[in-house]
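Good morning, everyone, and thank you for making time for this. Please bring up the sequence and the model on your screens, and we will walk through them together.

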Amino acid sequence: MAGGFSLDGAKHYEGNVTTFVLITCFVAAMGGLLFGYDLGITGGVTSMEPFLIKFFPGVYKQMKDKSESKNQYCKFDDQLLTLFTSSLYLAALIASFFASTTTRMLGRKASMLIGGLFFLVGSLLNGFAMNIEMLIIGRLFLGIGVGFCNQSVPVYLSEVAPPKIRGALNIGFSMMITLGILVANLINYGTSKHENGWRVSLGIAVVPAILLCIGSLCVVETPNSLIERGKYEKAKKMLKKIRGTEKIDEEYQDLVEASETAKHVEHPWKNITRPKYMPQLIFCIFIPTFQQLTGINVIMFYAPVLFQILGFGSDASLMSAVITGVVNVVATLVSILTVDKFGRRVLLLEGGVQMFICQVIVGIMIGLRFGLNGQGAFSKVEADILLFFICAYVAAFAWSWGALGWLVPSEICSLEIRPAGQAINVVTNMLFTFAIAQVFLTMLCHLKFGLFFLFAGFMVIMTIFIALLLPETKNVPIEEMNILWTSHWFWKKMVPNDIDSKSKNSKSVL
């Protein structure tokens, strides 16, 4: 039995899609641009010879080893090199715990500002790095910025956006991530020929960091956060402004009631483990876990490195990374245009099937050409075919798990557990991002082409997980999201049915 679900009795609040909301959400999503830039910049930088000579001479020596017996799978296997990439996500993981409290007590704006400031400092340290210690410290600062922004921005977007376009506006965060990756790939391609090009690549992140700091001072606070901190009149005025109408009494009252309920929660981290919130807890853990187990960061972190391993030249590998970056942006735009029309489930299921097919084909191609000893190379035609399937894989991820991996956890949690739920989402995401970034090159060295089949296996599991357990959340107001679980064929067996009388007329369609 599938988990499809709709609410005939769901509320539809008054309000318009205002220019004010669109501009506000664009500024807030700038945090995604920085995250994406940091995702995309490392792979290109770690393939630049001047960078490797200065910080990782051992890797440079391995890269230049042209002996026929050289195992291509193990060409870049170096734990210090992967620590340069993965340290950011370890710091983000730890920072997420503090960001949760900041987001709740000081507001979403304050959390975004703090994230922007850490991004700024980290970018400067990396751009002026003189040794590996300074490089890693800079990455740690960037990681703290990621932790704060990934905690606050998706929540901010979900709370400000009208329910009917919440999916599209929230995916603006993912769109900015993909734009950041593309910009990073373009800059890497442009700076790769210069001796200190890596400094430009790492240091230019100060520009979006400054924009985020300025933007976070200019955007409005969400009505949810204002009510949460007792600023009721200000919240009412802000709700009228972002909805573009005076008819906000029903939505405002629901926000106040949700806030009052949340205030009675003494221990939000303990509260989210109650049976009532078990579905939210499970999805806040498993969706970010599965998002990383797709293997996408194999491409996003190490695209130029991976393409070099597979026989692309230095310039060709960087250009191939640019091509995948363009595909990533276009496919995320597809998600923005379709998520509120077709829903979350359709995109997640289609994306899972397409990614599975592409990973299997890529694994077969690499296995046939490189075998178990890692010796071989692709012809020009074979390389183009491989790049096509990698692009098809990236596209499927971008319009499904890439965009919705941030949207769904941020929209399913009611106010009393939202900070804790989003913190769990970010922590889990960063934990698995760190793990995969740290061990991928070693796994590639040992599992060889079988690594792609491993990721394909995870895609089978996650697609079945969505098909059976995720109800459709499109057009459902966040304040009524709890209704989904008591009407779902599986979750209703676990979740107490304590929905108020106004919601009991909801109908489920399975």
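This is a predicted model: local features need pLDDT of at least 70, side-chain atom pairs count only at pLDDT 80 or more; totals for chains, interfaces and linings use all residues.

Residues are numbered from 1 along each chain as its sequence is written, and side-chain values use heavy atoms, with hydrogens and water left out.

The protein has 22 helices and 0 strands, where helices (H or I, at least four residues) and strands (E, at least two) are DSSP runs numbered from the N terminus. Of the 510 residues, 63% are buried; buried means under 20% relative accessible area, exposed means over 50%, and partly exposed lies in between, with a 1.4 Å probe and protein chains only. If we take the contacts with a separation of 6 or more, 82% of them join residues 24 or more positions apart, a contact being heavy atoms within 4.5 Å.

Now let us look at helix 15, residues 278-293, whose 16 residues reach 22 Å from the first C-alpha to the last, close to the 22 Å expected; the expected span is 1.5 Å times one less than the number of residues. Because 13 of its 16 residues are buried, helix 15 is largely enclosed by the rest of the structure. Helix 15 is followed by Gly295, which has a positive phi, near 90°.

Helix 18, residues 344-370, has 27 residues and should span 39 Å, and its end C-alpha atoms are 38 Å apart, which agrees. Here too a glycine follows, namely Gly371, with a positive phi near 60°. The axes of helix 18 and helix 19 (residues 380-412) come within 8 Å and cross at roughly 150°, these axes being lines fitted to C-alpha atoms over the stretch in contact, with angles running from 0 to 180 degrees between N-to-C directions. The residues of that contact divide into 21 nonpolar, 4 polar and 5 charged, where Ala, Val, Leu, Ile, Met, Phe, Trp, Tyr, Cys and Pro count as nonpolar, Asp, Glu, Lys and Arg as charged, and the others, Gly among them, as polar.

Phe119, in helix 6 (residues 108-127), is buried at 0% relative accessibility, and, leaving aside neighbours within four places in sequence, its contacts include Phe35, Phe141 and Cys149. Leu179, in helix 8 (residues 166-191), is partly exposed at 31%, and touches Leu33 and Val329, not counting residues up to four places away in sequence. Asp254, in helix 13 (residues 249-263), is buried with a relative accessible area of 9%, and its C-alpha is separated by 6.9 Å from that of Glu479, 225 residues apart along the chain.

Finally, how many disulfides are there? If we take a disulfide as a pair of cysteine sulfur atoms within 2.5 Å, the count comes to 0. Cys149, for example, is in no disulfide, since the nearest cysteine sulfur, that of Cys213, is 8.6 Å away. Cys149 is also buried, at 0%. As for Cys358, its sulfur is 9.7 Å from the closest cysteine sulfur, in Cys391, and is therefore too far for a bond, while Cys358 itself is buried at 4%.
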